[in-house]
Amino acid sequence: MGVMRRNLLLVLALFSALCISARAEVTPQQLTDPEYMINGGYSELSAEEVMIQKNRMDGKPCEPLYETKGSNNKFVRFLKNCYSYLDPVQDSEQRYHHDIQPSPHWSDL
């Protein structure tokens, strides 16, 4: 009977060791870290957007997480610059300034 009890205790000890859960505490600050988000499967754009929103809430300057490389093709660069000039919502490399007036003016025609 002594051998049986010892084996039973070993099996119970092994079973209880396998059932113990490891609890890793993760803070919200760590969950919204760009590197953690990218490693978790989110895109770079999503991680950058979260980082910008966190910086806005904290009153820090909002800088892009990743710098995009411009095209080496002059024609493609010209088309992108024209599009970004015509569309004020687009962010371009030069960040054109659009002087948007809240009221209509004769120069709008």
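Predicted model: local features only at pLDDT ≥ 70, side-chain atom pairs only at ≥ 80, totals over all residues.
## Contacts and overall make-up

The secondary structure is simple to list: five helices and zero strands. Walking along the sequence, you get the pattern α-α-α-α-α.

## Surface and burial

The protein has 109 residues, and 10% of them count as buried. Its accessible surface comes to about 10,200 Å², with 59% of that belonging to carbon and sulfur atoms.

Leu8, Leu9 and Leu12 together make a nonpolar surface patch of about 310 Å². Leu8 sits in helix H1, which covers residues 2–19. A bit of helix geometry is handy here: an α-helix has 3.6 residues a turn, so residues three or four places apart point the same way.

## Asn55 in H4

Next up is Asn55, part of helix H4 (residues 44–58). Is Asn55 buried or exposed? Its relative accessibility is 14%, which is under the 20% cut-off, so Asn55 counts as buried. Leaving aside residues up to four places away in sequence, Asn55 touches Lys60, Pro61 and Cys62.

## H5 and its cap

Helix H5 runs over residues 74–86, 13 residues in total. From first C-alpha to last it reaches 18 Å, close to the 18 Å expected at 1.5 Å a residue.

What caps the N-terminal end of H5? That's Asn73, with a side-chain oxygen 3.1 Å from the backbone nitrogen of Phe75.

Methods:
Residues numbered from 1 in each chain as written. Heavy atoms only, no water. Patch = residues over 30% accessible without salt bridge, like charges linked within 9 Å, V, L, I, M, F, W, Y side chains within 5 Å. Areas by Shrake-Rupley, 256 points an atom, 1.4 Å probe, with all protein chains shown as cover. Salt bridge = Lys/Arg side-chain N within 4 Å of Asp/Glu carboxyl O. Helix = DSSP H or I, 4+ residues; strand = E, 2+ residues; numbered from the N terminus. Expected span 1.5 Å × (residues − 1). Polar contact = N/O pair within 3.5 Å; in protein donor to acceptor, adjacent residues only side chain to side chain. Buried < 20%, exposed > 50% of the residue type's maximum accessible area, 1.4 Å probe, protein only. Contact = heavy atoms within 4.5 Å.
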